[in-house]
Each structure stands twice: as C-alpha cells, then as structure tokens.
Amino acid sequence: MSLRRRVERKRLRAAIAGKMGTYSRQELVKATHPEIQKMFHPYSHKGPKEGYPLYQICHDVSKLPKETVANFVSVPELMRKLKQDQVIRGLLKRNPELETSFERSVWQAISERGVKSSKLFWQRAPKEYIDAIVKAAAGNPNPMNERIGEVAKKLFGGGIEHRTILDIGTFAGGTITSAVEKLSLPQRRLLTIVLVDVNSGVVRRHAVPALVKLGVPKQNIKVLPTSFYNAAVAFKKMPKPLHEKGERAFKKFFSQLTGKVDLITAGASTINFANDLSPLLKSVRILLKRGGVFADWEWGSAEARKRKVNTEELKRIKIWEINQKAVTEFDAYVSFLDFWLGFFNYPANVKKKLFEDIEHSREFDFMGWCERNVKWMEQERINAGKPILADPAGFRNRAYRTGDAMLKAARIHGFDVQKPSYPLANPGKKDTGNVNWLVVARKP
Ligand SMILES: C[S@@+](CC[C@H](N)C(=O)[O-])C[C@H]1O[C@@H](n2cnc3c(N)ncnc32)[C@H](O)[C@@H]1O
C-alpha cells in the first residue's frame with residue numbers, strides 16, 4: 001500500500017473515532033457527535049436528573065456485546081450519518097477503495113466505545129458512590145461468590161503448594177475473598193494473587209486488607225490498576241484503544257504471567273467490559289497454565305440480545321432445571337425486569353402492570369414500554385413516596401450477557417467447558433437467581 005493511501009486511511013480512522021467519541025479521553029457523552037451519541041444512549045444528553053428514569057432504563061448500549069449491539073443500534077444508519085461528515089466524505093470520495101477500511105474503522109470505534117464507556121464509569125465514579133455500594137453489599141454477600149470458592153477448593157484439592165490466582169474486576173473483593181476463604185490457611189499462605197481493576201482505590205481500601213486478614217501475605221498481592229483489555233493489548237490480541245494513548249499498559253507484567261496462572265476468577269465483572277469476548281478469552285487462555293480454570297459468574301437474560309423479545313419462544317427455552325422444574329429464558333427475562341424496576345424504586349402496581357402486559361404480548365419491548373408509560377410510572381413512584389436513584393447510578397450502563405453466549409465463546413476459544421449453571425435458580429419465580437449464571441472453563 002502506498003504511503004499516501006496509508007496516511008489517508010489513518011486520517012479516515014481518526015475522523016471516524018473523532019465523531020464516535022473514541023479519540024479523546026473525555027466522556028463519551030461529551031466527546032461524541034450528539035446525533036451519534038443519541039443512537040447509543042438516547043437520553044444521555046438530558047443526564048440522570050432531567051432524563052430520569054429513561055436515562056437509566058434506555059441505558060448506554062455502547063458496551064453491549066459486539067454480537068448484539070447491531071440489534072439495538074442501526075449500523076447502516078450510523079454509517080450513513082458518519083458519511084455526512086465533510087472530512088469523511090472527502091476522504092472516501094478521493095479514495096473509493098477505502099470503503100472496506102471505513103466499515104472496519106466504524107466497527108473498531110463501536111468496540112472502543114465499549115472499552116471506554118465502562119472504564120470511565122468505574123474509574124471516575126465518585127468515591128462516596130463506590131463506598132456506598134461497598135457498604136450496601138457488606139452484610140449482604142453474594143452467594144454466587146461462594147460458588148467460585150467451591151471451584152477454587154475443588155481445583156486446588158488438599159495440595160499445599162504455590163498457586164496463582166488472577167481476579168478480573170476485583171472491586172471490594174467479594175469474589176476473590178470467597179475463593180480464598182474456601183482454601184486452608186497453609187494454602188492461603190502460599191498464594192500469589194493478582195487483582196486487575198480500573199479502579200484501584202476500592203481494591204486497595206477493601207480487597208487487599210480483607211485478603212491479608214485471611215492469611216495471604218501482603219507482598220504476594222499485586223494490584224494492577226488497569227483495564228483487563230490491556231492484557232489483550234500486551235499479547236497483541238487487540239490494538240491499543242485510541243483513547244489510551246500514552247498510558248502504561250502493564251505489558252511486561254502480563255507477559256511475565258503467561259502460562260503461570262492456576263485460576264482466573266470474575267464475578268459481575270466481565271459484563272462491565274467484555275464488549276467483545278474474544279480479547280478477554282484469548283488473554284485468559286494465554287495467562288492460564290494447562291489445566292488452569294476460568295470461573296466467571298455474571299448476569300444476563302434475553303434482554304441483552306435484542307430490544308424486542310418473543311415471549312412464547314422464551315417460555316420454550318429451558319436454561320436450567322431444579323427438582324425436575326424447568327427454569328426458562330422467560331423466567332430469567334421477567335426476573336431481571338422485576339429486579340430493575342425494584343432497583344429504580346417502582347412500587348408493586350407498576351410491576352404488576354408490566355407483567356400483565358408482558359403476559360398479553362407475543363412480542364415485548366421493555367424499553368419501548370417504559371417510554372410509553374414513563375409519566376404514569378413516575379407518578380406512581382412519587383405517590384408511593386419512593387426516592388429517585390443517586391446521581392452516579394445514572395452513569396450505569398450494561399452489557400449483560402447470557403451464560404449461553406459465554407459458553408459458545410469459550411468453546412470457540414478452545415476451552416473445555418460445561419453448560420452454564422444457575423446455582424441460585426428459582427423456577428417460576430421472579431428471582432435474580434434465574435439471571436445469575438456460572439461458567440467454569442478449563443484450559444486443556
Ligand atoms: C460489580 S464490580 C465487581 C464485583 C467484585 N467481583 C466483588 O465481588 O466485589 C465490577 C468491577 O469491574 C471493574 N472494571 C470495570 N471495567 C474494567 C476493566 N476494563 N478492566 C478491569 N476492571 C474493570 C470495576 O472497576 C469494578 O470494580
């Protein structure tokens with residue numbers, strides 16, 4: 001390729017990234033062209049206060065899985081909008097052969113929005129907000145973390161030897177401490193633990209002291225204040241995101257860990273940044289020893305795949321079974337919506353209407369339902385005397401993924417993996433146990 005064409009291609013990528021908000025370190029809502037931002041997060045310009053609650057409910061789809069984002073954002077429409085830009089139009093007119101590069105760069109920018117959106121949310125969330133979440137969870141440990149502990153116990157057996165665990169998205173350490181708690185004290189003393197998180201403050205304040213208390217030597221705990229995506233960058237499995245220009249990527253550290261990790265744990269964390277499972281799983285595979293295990297529990301229902309679901313179909317798809325009772329995708333779907341309405345403080349009568357409407361529809365679009373009913377919902381919430389969410393919650397965004405999506409990706413990446421389990425499932429009930437899946441994937 002000629003030098004001139006290469007330069008033009010670079011300019012095209014930069015112009016697209018500029019419009020899509022992925023070039024600078026500014027938040028997406030400020031860095032993105034408003035017309036484009038609206039496509040990914042319709043109410044973000046109104047902000048959490050003015051746009052409440054649609055701002056949260058019609059969430060930021062930027063970090064949705066790459067496989068499903070096109071079910072929420074029309075990519076042809078996005079490309080059409082980008083081509084209205086003078087610079088982009090000019091470049092394509094002068095170099096019609098750059099059409100393929102154009103499409104590739106748009107997809108690249110879609111991925112980078114995912115990386116950036118969750119990273120900035122967690123990195124910049126105010127300390128008080130993070131501490132409030134930690135406090136709320138303190139007396140209320142998530143039992144899914146215990147399942148990760150059981151995986152650790154089984155994997156390590158009774159052997160007293162040096163082991164390495166890497167935890168992705170540690171936060172206050174609920175997942176990693178549950179894993180360590182299940183091990184014996186002599187085993188804990190021989191652990192090396194690597195904690196990877198974009199928000200290292202919360203890790204150092206809460207997770208590290210908790211691990212030391214459990215008997216893990218402090219000098220054996222390494223906090224990596226970086227995105228786990230940087231492992232993939234270090235292993236050359238993805239290009240460094242444009243907004244990370246000049247940042248330390250812990251390249252050497254990740255490279256030295258190659259093939260040395262016994263167990264990689266994650267709890268409610270890969271949903272936060274796995275816009276594309278491929279860099280995540282490639283890095284996990286490179287880091288694990290042969291026979292090493294990746295244990296991940298997350299959240300997800302059919303709502304993560306597309307806006308409008310076919311309710312009859314969801315009722316037919318069995319995801320789990322308990323005491324010969326099936327847990328269906330429909331159970332998971334309504335359980336998650338029930339959780340969200342509760343999270344947004346909506347009273348029982350709002351939930352009741354929602355579920356009646358779902359029962360009477362063959363196809364259902366939750367975001368659309370909220371848009372249509374927002375005035376009534378809000379009035380009902382106010383009448384019930386319920387408060388609105390704290391501001392930072394408004395920056396929440398989601399990339400929930402079904403266990404089946406993780407299963408398929410883990411298989412493609414060559415792991416030995418069983419079907420996702422739902423250890424807390426409650427068939428026929430609206431219960432988040434129907435939404436929490438656990439995938440255990442072994443490197444052969
Ligand atoms: C819901 S918390 C995880 C909870 C944690 N497992 C526990 O038990 O306390 C999600 C965490 O993922 C982290 N995170 C988000 N994006 C990340 C990324 N790209 N790389 C590493 N960590 C990330 C956030 O900073 C946050 O601490």
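Predicted model: local features only at pLDDT ≥ 70, side-chain atom pairs only at ≥ 80, totals over all residues.
The domain bounds come from an automatic or database domain assignment.

I then checked which helices take part. Helices are DSSP runs of H or I with at least four residues, strands are E runs of at least two, and both are numbered from the N terminus.

**Ground rules**

Residues are numbered from 1 along each chain as its sequence is written. Local features need pLDDT of at least 70 and side-chain atom pairs count only at pLDDT 80 or more, while totals for chains, interfaces and linings use all residues.

**Whole chain**

I found 22 helices and 11 strands in the chain. The radius of gyration is 22 Å, close to the 22 Å that the globule rule gives for 444 residues, so the chain is as compact as a globular protein of that length. That radius is taken over C-alpha atoms, and the rule is 2.2 Å times the number of residues to the power 0.38. Buried residues make up 47% of the 444 residues. Buried means that 20 or more other C-beta atoms lie within 10 Å of a residue's own, exposed means 12 or fewer, and partly exposed is in between, with C-beta atoms placed from the backbone.

**Cores**

I looked up the largest nonpolar core and found 91 residues; Ile193, Leu195, Ile264 and Tyr333 have the most contacts inside it. Helix α19 (residues 329–343) brings the largest share, seven residues. Domain 2 (130–299) and domain 3 (306–395) each give this core at least three residues. Apart from this core lies another, of 21 residues, among them Leu12, Ala17, Val61 and Ile88. A nonpolar core is a set of buried Ala, Val, Leu, Ile, Met, Phe, Trp, Tyr and Cys residues joined through C-beta atoms within 7 Å.

**Domain 1 and domain 3**

I noted that their C-alpha centres lie 29 Å apart. Their contact takes 14 residues from domain 1 and 13 residues from domain 3. Two residues are in contact if their C-beta atoms, placed from the backbone, lie within 7 Å. On the domain 1 side, α4 (47–50) and α5 (54–57) give two or more residues. α5 gives the most, with four residues.

I found a cis peptide bond joining Tyr52 and Pro53, with omega about 0°. Pro53 lies in the loop between α4 and α5.

Phi of Lys236 is near 60°, a positive value in a residue other than glycine. With 10 C-beta neighbours inside 10 Å, Lys236 counts as exposed.

Phi of Asn323 is near 45°, also positive in a non-glycine residue. I placed Asn323 in the loop between β7 (318–322) and β8 (325–328).
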